[in-house]
Amino acid sequence: MKFFKNHPKYAQFIGLLAVFFALYLTVTPSETNILWRFPALFAGVPGGINGFAEHLMYDWFPVEIFDPELEEYETSALVREVTRGFSRGVLFCIEFVREILLGGVKTIVAFTSWDFVGDNKWAVWPALPWTVVSGGAILLGYALRGKALALLAGLATAYIAIFGQWEPAMETLSFVLIAAPVSCLLGLFLGAVAYKSKTTETILMPLLNVAQTMPHFSYLIPVMVFFGVGDHAGAIATIIFATPPMIRLTLLGLKRVSPEVVEAGAMNGCTNAQMMLKVLIPTARRDILIGTNQVIMQCLAMAVIASFIGAKGLGFNLLLALNQLRIGQALELGICIVLIAVVLDKLSLAWANKQTNYFADDSFVQRHKYGIFFLILLTTCVILSFLGKLIFAGGINYFYLIPHNQGITTEPFWQSGVDWMVENWYRGLQTFNNWLIIDVLMPMKAAYLGMPVSATFVLVMGVGFIIGGLRSALIVGGFLLFIAFTEWWDRALITAYMTSFAVLVSALIGIVVGSLCAQNSFASKGILIVCDTLQTFPSFIYLIPVIMLFGVTDTSVLIAVIVYATIPAVRYTVEGLNSVPATLQDAGSMSGVNKLQRWVKIEMPLAFPHIMLGVNQTVVFALFMVIIGAMIGTDDLGQYILKALSDKNGIGNGLMLGLCVAFIGLAVDHLIHTWADQKKAALGMA
Amino acid sequence: MSLQISAENRVKPVIKCSSVYKVFGENAKKLLAQSNGLVDAKTFKDAGCVVGVNNASFEVYEGEILVVMGLSGSGKSTLLRCISRLTDTTSGNIFIDGQDLLAMTSKQLIEVRRNKMGMVFQNFGLLPHKTVLENIAFPLQIKGKSTDDSMKRALEMVELVGLDGRENYFPRQLSGGQQQRVGIARSLAVEPDIWFLDEPFSALDPLIRKEMQDEFLRLQGVLNKTILFVTHDFNEALRLADRIAIMKDGVIEQLDTPANIVLRPATEYVRKFTEEVPREKVLKIVSVMEPVVDASLLGPLQVSKDAIIYTVAEAVLTEPKHVAVVNALGEVVGSIHASKIINMLFGQADATDDIT
């Protein structure tokens, strides 16, 4: 009793659990019992959204538009014309870049007509030989950073070319080269505006919160409705998805600029524009670069997802390979995506860190040496590709462009590996698989589904109340209420069950691995590099090896989720433990603690709030992956989003489902952040 | 570094503040208007406002070093920020070379800052992404000077502050003292008339601080700027100042020459600072010398009237006769005897009571 007097929160929590289980056991499952399930009050909302979108696209504000092909005026809705024009612009940019890399006629057509191209056989834009692109990447890497980056760029491009993935890779690249800069600039701009104006910030923040917890798929549906299907739609979806983290990090970076630097800028007589462009943004560069890095990663993660709405390239092929269970090919494609991500990331980083030498009294040749090198390279490679035409007469010109899937491939090797594993491990894996599904997952799923809605509310709002008082209780209650009023409460429970299972395992693995690695500075650095690398992988990649091992089952999804979601848990654990002040470590050593005591008594208490932020990330990562897992086949919210994607009137369902997922994430995020902030303040670390 | 203010400079101060108030918080203006200039920190605090600067009126003359001294929270940095208009003054007037600073448009303000003002910050305020050279050239480039010209000028500044060979270092690669040298060079690059220094040496180690103070005096010997220097270190103030303003709770408690502050503290608060100060290390001969009664009693030794007592004490003590005190032109303006110095060093504190 004394214990509970000293720790009233524990007493509250035990009381809460008691009420929860009482409700769980007493409430009878029945469709009419409001304590069991809330009525689906929002069931009509998706239809309303569909109607609204349709009205906006087809009826609202009609304008007269001249159709050059039919040579007459016709009536069309304003929004439709605006989105169409925008789509055309984006598509033109993508095709322009694509044709520089791969050749074609569309750019010429844009300025003339299909007839012109048909009549004039010479009017074809030739592709750059892959050797030029590869050499250019090497040169760029060398100019920006040095030999190491040049080597990386060289190996990456050579891999892509030799494995015969040049065409899809360049298709993907052309769309990333448009989406990534636009996202960065847009994010930078909106971040700067939010920094300048408090009102913008207050409006933007909740939008960003929702945007960053909405699953990728949910973005696709409205984009499809408003912009149609194709590469431009993929790019637009990618831009919408990749901009929020950029805005957030720009704002964070700008806020972190020390006031003295701002004052110094002011005293040097900076105008507002100079202050922003020459003082604030460069000083906040570290955070902004993290934002750029995020943008590039999101772009490539979306490369796969955008292929659902018609983006061509590696992602599309990867999806195809996964659907056909061609693991080896999927792996090769996945590696291509990762390589492009890594090279682009390193190049942008090197570009931002470039230094100028003001006193090099260089000659013309010296100053323009890279340009001249490139010209030489271009000429040599073009001549080489003409020679190639003669050498490989009739066959494939390996110096010009290696056609899709005509390169070497390791697919048979991987396929035989998979076959071997299936042959030798099948029994073991299957036993494990069955045990997991029958003895762990099924009961857990049943337990979640058997939870009356009243019990869920009592538990979640009660936890909210214990952590953050009435305000928190109302916030998380509000999020939950939204989901409860839709017709997908059961689906949300399944999502919650998969997510919580994955988070439990991930957090456990993450904290253990992180703690072990944090004991040694070498291991800490190593594991952080591993985390960095794994985070560069688009989420889809994680599905490849698990399908290889477990086939198309719930186990596969969960294992992919666990692997993906463990990364932030490990990272935050290592960071948290490493940031324990050295004086405290010394104080511990002088008190004679052993390793275990040090971990339990000193490091853990201090690092725990930070570790919980890692767990928060784990939850977000897990949610994303669970939804993507719909690709393999699940029966939760993700599956319904995927269904909405192929539904003509899917926009309402898609958005509502996306919000459901976002609100699960935001409720957890709110609870963990409130708790961690309090804990940090109590430890004096805020 | 003596204060030689000619008559016309007295008439035209470079910086002139009259009844400057800075109150933080909402309703600050309204509260101030109600108070009729009689600001009491406590009543303001109850109303949710913090008084930063409370009725500051003073002038800074050309070529003068005015040191504003106060403990943290005394409002010294706020005062400096009012005069550089980094914060908005709540009420009062500030004139820079006769121009009304507070009435300037932001365009005019930018012009003044680009051409007339330079400022050094406590934590250096360097741009982390620029090299030493780029940092120093920054104000010039902001003004729109060509890269060539600004780099040339920046290189001169690098030499002036003794950072040759480190032009291409980044701030993070430099020690604190070196970083502040960059800060100083940057603030001087546009050749400003007015030089603001906000606790420039407070973030440095004691030995480096001393070195930087010497460097500062050397630079001022060459450049002769009008300086407003903020510090919390009383000894630093005594060492560098022509005049010192001591602030407490936003109020200037006393504004006077170092000698007068040490000898005649105006308030109890100021006296507490001066108690521990070894006078012989602060006062100049001129403040303890006596009129020449009989020129024949003077020995062969001569000391400058501007010499700090401590630095010439040994020489004066070895001279049995009265020692002649001379001015910069070598004219005898007074005399001093070893007994006076002994009194100074070991004797009664009132030994200096009868001097100006």
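**Strands, domains and contacts**

Mentor: In chain B, strands β1 and β4 (residues 91–96) pair in the antiparallel sense over 5 bridges. This is a predicted model: local features need pLDDT of at least 70 and side-chain atom pairs count only at pLDDT 80 or more, while totals for chains, interfaces and linings use all residues. Residues are numbered from 1 along each chain as its sequence is written, and chains are lettered from A and ligands numbered from 1 in the order in which they are written.

Trainee: How should I read "pair"?

Mentor: Strands of a sheet pair through backbone hydrogen bonds, either parallel or antiparallel. Two strands pair here if DSSP finds at least two bridges between them. Strands are DSSP runs of E, at least two residues, and helices are runs of H or I, at least four residues, numbered from the N terminus. In β4(B), B:S91 is the bridge partner of B:Y21.

Trainee: Which sense does the pairing of β1(B) and β2(B) take?

Mentor: β1(B) and β2(B) (residues 50–60) are antiparallel, over 7 bridges. There, B:K16 stands opposite B:E59 of β2(B).

Trainee: How many residues of β1(B) are buried?

Mentor: A residue is buried if 20 or more other C-beta atoms, placed from the backbone, lie within 10 Å of its own. For β1(B) (residues 15–24), that holds for 7 of its 10 residues.

Trainee: What is the strand order of the open sheet in chain B?

Mentor: Its 6 strands run β6-β7-β8-β3-β9-β10, with mixed pairing. At the edges, β6 (117–120) and β10 (251–256) of chain B each pair on one side only. β9(B) (residues 243–248) and β10(B) run antiparallel, joined by 5 bridges, and B:M247 has B:I252 of β10(B) as its bridge partner.

Trainee: Where are the domains of chain B?

Mentor: Domain bounds come from an automatic or database domain assignment. For chain B it gives domain 1 (7–11 + 61–116 + 192–277) and domain 2 (281–352). Their C-alpha centres lie 31 Å apart. Residues are in contact if their C-beta atoms, placed from the backbone, lie within 7 Å; 6 residues of domain 1 of chain B meet 5 of domain 2 of chain B in this way. Helix α11 (residues 258–263) of chain B supplies the largest share of the domain 1 side, 4 residues.

Trainee: How many residues does each chain give to the contact between chains A and B?

Mentor: Chain A gives 17 residues and chain B gives 20. On the chain A side, α13(A) gives the most, with 6 residues.

Notes. Contact = placed C-beta atoms within 7 Å. Buried ≥ 20, exposed ≤ 12 C-beta atoms within 10 Å, placed from the backbone.
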